[in-house]
Amino acid sequence: MLFDLEYIQKTYQEYKKDLETIRKKVDRPLTLTEKLLFAHLADKKNIPSRGTDYAHFHPDRVAMQDATAQMALMQFINAGREQTAVPTTVHCDHLIQAAMGADPDLKEALKQNNEVYHFLKSVSRKYGIGFWEPGAGIIHQIVLENYAFPGGMLIGTDSHTVNAGGLAMMAIGVGGADAVDVMAGMPWELKMPKLIGVKLTGKLSGWTAPKDVILKLAGILTVKGATNAVVEYFGPGTASISCTGKGTICNMGAEIGATTSVFPYDDSMYHYLEKTGRKPVAELANEHRAELVQDDEVWDDPEKYYDQIIEINLSELEPHINGPYSPDAAMPISEVAGMVRKNQYPAELDAAMVGSCTNSSYEDLTRAASIAQQAIDHNVSAKTELMITPGSEQIKKTSERDGVLQKFKQINGTIMANACGPCIGQWRRQMDNPDRKNSILNSYNRNFAKRNDGNPNTHSFVASPEIVTAISLAGTLTFNPLKDELEDGKGNRFKLKEPRGVELPEKGYLQDDTGYIPPAEDPEEIDVEVKPDSQRLQLLEPFDAWNGNDLLNLQLLIKVKGKCTTDHISMAGPWLRYRGHLDNISDNLLMGAENSFNGKTNAVLNKLTGEYDKVSSVARQYKEKGLQSIIVGEENYGEGSSREHAAMEPRHLGVRAVLVKSFARIHETNLKKQGVLALTFADKQDYGRIREDDAVDVLGLDGFVPGAQLTVRLNHSDGTSEKFPVNQSYSRQQIEWFKAGSALNLIAEQQKEEDKQKERR
């Protein structure tokens, strides 16, 4: 579908003009990332330095999924604006639980979430926001099909917003407060990222898929190797990958901590835009092709322009399976069987899942379906539960028309709703014994412990859709479809042929009844109501502003050991139902994090009672007694989802500071936005000095300026104390958020001042 053509035309005009201005200032060749970022700078007079300077940008669009949109729109209502300043959309994809299949699951979701859907729809229609109904599709697939365009800049309240980099767009995942800034017409702040150049040579073939590029790269860079960096792909191999394949690679770039990932514009993008009904946009992109790719000098001498370079030969790349428990646990398929046996992972497969925002394109489904067709030809069915999730209603209807989905059904596959489902823990899984160690294989993006089904005994592995489908036929992770054979119903042995897919449907995409609802023509007629006794929705109260003093007597809430993702801080799954009710969802605060003092989850010392209790319960009791608290953690704290609830919940329950060895980018920003002091150890060994019953002071806030160290004082129960320096990465703007109590408070203050000035005029 074609949306906002006039807006896009204007954007291209400004893009070209802005780059001409930028080129005169920098006087050197530019990478694609620099072109995209510099063209969207709010202040084009000053060019920021990579990795050090904060910069302000004017994005072209905002996209929100239904779980994060609830809190974001609650904040937007408080911002006092009448309409969003840029085109914005809401997508209902997170609240649909996978259980029986597409139709029954969607009906149940409409019944269970009616109040939330009504709220999102009414707010959207009132404030000029496009609304995509439940079942319309997964946000990132919908964005790629309808809104993403080469050269644009998008922010979205989901970490996998980066999917749109597959269409040469600067697409970045953020928290809801960041989205509110842009929706309210404010510049959006980001530390200028470093650049990691990934040179692709050769060409994908056989069983190797675009997914394997990012599975391989995750193994190289690890889950935090691209933090505060953009991964920019270049080289001759980029042209051999389809547009949706590029989207897959960019999508999972979130798993290596990247700010975003981006591919240079090429013919595959032109054809994708054309096939999805956006030929005018494709023509505009062609006119600006030279500015939608890296300059020639960058390709010729990349060492001069990137901070790090990695080369991957696609012709030599082997299919991968990554896992369990971390998306960077990379294994070439030839090594999987040995690793499974060596580590005693359950070899028998309990479930196989194809789809998600990462791998649910027409090409993905047709490649996997070509494996299903071979199974049909040999009278073989999946030996495990097999679920298929189309990315959108457009993909689903097109695939049904072309007989693609029917092939999965013939091998006992179940077609699920066009939603996130098990990828985000929305899976009503039925198991014979939840205590039994088991393995699942999927084409999703994340495989943290308990991520898919809430079960710590589940070993989750990630692979391409075709590998997932092939292994489902064998029912064991030790099966390698590149060399092993299957047995048909008559006892005959056969080997699967290489998958064959169709990049774009020959008959085009079916685009009728996609589930889109436009904003109201008369927004004054739309009322937005939240019942005072609602258990799903709760209007927000502003957080308290900073009182101007040091933070004293902070009670240690928890000292987290090891990996602590946003899933550990604020679990998804059944908790998604409370994403619009801050007080209710705060009951899940850090329930998945391991307490370093006892090795348990959701069991921390309550200094008021001397007993162990749930993290949220202890925080609530401290808050009731007028005590504030602090959280301590380790490396890459807050990796994973963009969910700002992981920052709002601690703030709501009285946490004023979080001190860790290092932060994941989005979570650190979310904490700052909510007025929580985000600190890192100057010496990581100081983590070991913190005792279970400590009270903590943060000193030096009277000299809180960018780059200045603060001091932490530990007050031990034996009467002794010790001090050590801590670092902070606040910009001047972010310090103002802290002083105001939150970024939203600052926006509201600015809006009041604007209203006063209008009255004076």
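1. Let's start with helix α8, since 9 of its 12 residues are buried, so the helix is largely enclosed by the rest of the structure. Please keep in mind as you read on that this is a predicted model. The buried residues of α8 are P210, K211, D212, V213, I214, L215, L217, A218 and L221.

2. The length of α8 holds up to a quick check. With 12 residues at 1.5 Å a residue, α8 should span 16 Å, and its end C-alpha atoms lie 17 Å apart, which agrees. Just after α8 comes T222, which takes a positive phi of about 70°.

3. Which sheet is next to this helix? An open sheet of 4 strands, in the order β10-β9-β8-β11, has parallel pairing. Its edge strands are β10 (260–262) and β11 (308–313), each of which pairs on one side only. From one strand to the next, the twist averages 20°. Helix α8 (residues 210–221) packs on this sheet and touches β8, β9 (229–234) and β11, with its direction at about 140° to that of β11.

4. Strand β8 (residues 194–201) pairs with β11 in the parallel sense, over 6 bridges. V198 has I310 in β11 as its bridge partner. As background, the strands of a sheet pair through backbone hydrogen bonds, either parallel or antiparallel.

5. There is another sheet to look at, an open one of 6 strands in the order β6-β5-β2-β3-β4-β21, and its pairing is mixed. At its edges stand β6 (170–173) and β21 (516–517); each has a single partner strand, so one side of each is left without a neighbour in the sheet. Strand β5 (residues 153–156) runs parallel to β6, and 4 bridges join the two. Within this pair, G156 stands opposite G173 in β6.

6. Helix α7 (residues 176–183) lies across β2 (61–65), β3 (88–91) and β5, and runs at about 145° to β2.

7. Now for the charged side chains: how many salt bridges does the count come to? The count comes to 41 salt bridges. One of them joins the side chains of E291 and K35, at 3.3 Å from N to O. This pair links distant parts of the chain, 256 residues apart: E291 is in the loop between α11 (279–287) and α12 (296–300), while K35 is in helix α2 (residues 32–39). K35 has a relative accessible area of 0%, so it is buried.

8. A second pair worth a look is R446 with E255, whose side chains meet in a salt bridge of 2.4 Å, N to O. R446 sits in the loop between β17 (438–442) and β18 (458–462), and E255 in the loop between α9 (243–251) and β10, so the pair ties together parts that are 191 residues apart in sequence. Both R446 and E255 are buried.

9. Where a salt bridge involves K483, is that lysine buried or exposed? The side chains of D484 and K483 meet in a salt bridge at 3.1 Å, N to O. With a relative accessible area of 57%, K483 is exposed.

10. One last item for your viewer is a group of charged residues. D350, R429, D432, R436 and D453 are linked in a network of salt bridges.

Technical notes
Residues are numbered from 1 along each chain as its sequence is written. This is a predicted model: local features need pLDDT of at least 70, side-chain atom pairs count only at pLDDT 80 or more; totals for chains, interfaces and linings use all residues. Side-chain values use heavy atoms; hydrogens and water are left out. Two strands pair if DSSP finds at least two bridges between them. Axes are lines fitted to C-alpha atoms, for helices over the stretch in contact, and angles run from 0 to 180 degrees between N-to-C directions. Contact means heavy atoms within 4.5 Å. The expected span of a helix is 1.5 Å times one less than its number of residues. Buried means under 20% relative accessible area, exposed over 50%, partly exposed in between (1.4 Å probe, protein chains only). A salt bridge is a side-chain nitrogen of Lys or Arg within 4 Å of a carboxyl oxygen of Asp or Glu.
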